[in-house]
Amino acid sequence: MRRLRLAACVAICATLLVSGCDSGTATIAGTLEVGNGACVWVRGPGANGTDLYWLRHLPSGYDTDEHGLGKPDGSHIRIGDSLTVSGALSWVPFERNCDGTHTLDVTAIK
C-alpha cells in the first residue's frame, strides 16, 4: 500500500511539473512592453501599483517583433500602446526565459 501511495504521489507531481498549475482566467488592460524581441509583456494594474504579465502564447495570426505585436489584419500594436488581453493565468515552473510576475496564455487581444 505504501508503494502505491508513493507511486501515485510521484505521478501527480510529475504531471504538475510538466503542465504547470492553472490558476484561472483573467482579462488585463494595460500597456504593451517588449523585452528582447521574443518576450512580450503587458503592464497592468496590480495590488502594489502595477504587475507584469508575460504573454506566453498568442492567438493565431499574432506575431511579435522589435516594435510590438503584428495583428492578423496587418496592423500593429506598438510598444507603449494600450490593449486588453484575456486568457488563462498559469504558473510555469523552470521556464525562466521570459517570465514575469504572471504568465498569461492569451486567447483574445483587443
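In the protein chain, 55% of the contacts with a separation of 6 or more are between residues 24 or more positions apart, contact meaning heavy atoms within 4.5 Å. The model is a predicted one, in which local features need pLDDT of at least 70 and side-chain atom pairs count only at pLDDT 80 or more, while totals for chains, interfaces and linings use all residues. Residues are numbered from 1 along each chain as its sequence is written, and side-chain values use heavy atoms, with hydrogens and water left out.

Helices (H or I, at least four residues) and strands (E, at least two) are DSSP runs, numbered from the N terminus. Of the 110 residues, 33% count as buried; buried means under 20% relative accessible area, exposed over 50%, and partly exposed in between, with a 1.4 Å probe and protein chains only. The accessible surface of the protein chain is about 6900 Å², and carbon and sulfur atoms hold 56% of this area.

Strand pairing was assigned where DSSP finds at least two bridges between two strands. Strands β2 and β3 pair in the antiparallel sense over six bridges and form a hairpin with two residues between them. In this pair, G46 stands opposite G49 of β3. Strand β3 also pairs with β8, here in the parallel sense and over four bridges. The bridge partners in β8 include H102 for Y53 and D105 for H57. Strand β8 in turn pairs with β7 in the antiparallel sense over six bridges, and G87 has V106 of β8 as its bridge partner.

An open sheet of three strands, with antiparallel pairing, has the order β4-β5-β6. Strands β4 (63-65) and β6 (76-78) stand at the edges with a single partner strand each, so one side of each is left without a neighbour in the sheet. Neighbouring strands of this sheet are turned against each other by 25 degrees on average, direction ignored; the axes are lines fitted to C-alpha atoms, for helices over the stretch in contact, and angles run from 0 to 180 degrees between N-to-C directions. Strand β4 is joined to the antiparallel β5 (residues 68-70) by three bridges, and D63 has G70 of β5 as its bridge partner.

The largest nonpolar core has 17 residues, and those with the most contacts inside it are L55, L69, L83, V85 and I109. A nonpolar core is a set of buried Ala, Val, Leu, Ile, Met, Phe, Trp, Tyr and Cys residues joined through side-chain atoms within 4.5 Å. At least two residues of this core are supplied by each of β1, β2, β3 (49-57), β7 and β8 (102-109). Strand β1 gives the most, with four residues. When residues up to four places away in sequence are not counted, L55 touches V40, V42, V85, L104 and V106.

Two polar contacts involve the side chain of R56. A polar contact is a pair of N or O atoms within 3.5 Å; within protein, one must be able to donate a hydrogen and the other to accept it, and residues adjacent in sequence count only if both atoms are side-chain atoms. The side chain of D105 makes such a contact with that of R56 at 2.6 Å, and the side chains of S90 and R56 are joined by a polar contact of 3.3 Å. D105 is located in β8 and counts as buried, at 16% relative accessibility. S90 belongs to β7 (residues 82-91) and is likewise buried, with a relative accessible area of 9%. Leaving aside neighbours within four places in sequence, D105 is in contact with R56, H57, S86, G87, A88 and S90.

G35 lies in the loop between β1 (21-34) and β2 (40-46). This glycine is partly exposed, with a relative accessible area of 42%. A distance of 9.9 Å separates the C-alpha atoms of G35 and W54, which are 19 residues apart along the chain.

Key: Accessible areas come from the Shrake-Rupley method with a 1.4 Å probe; for residues, only the protein chains shown count as cover.
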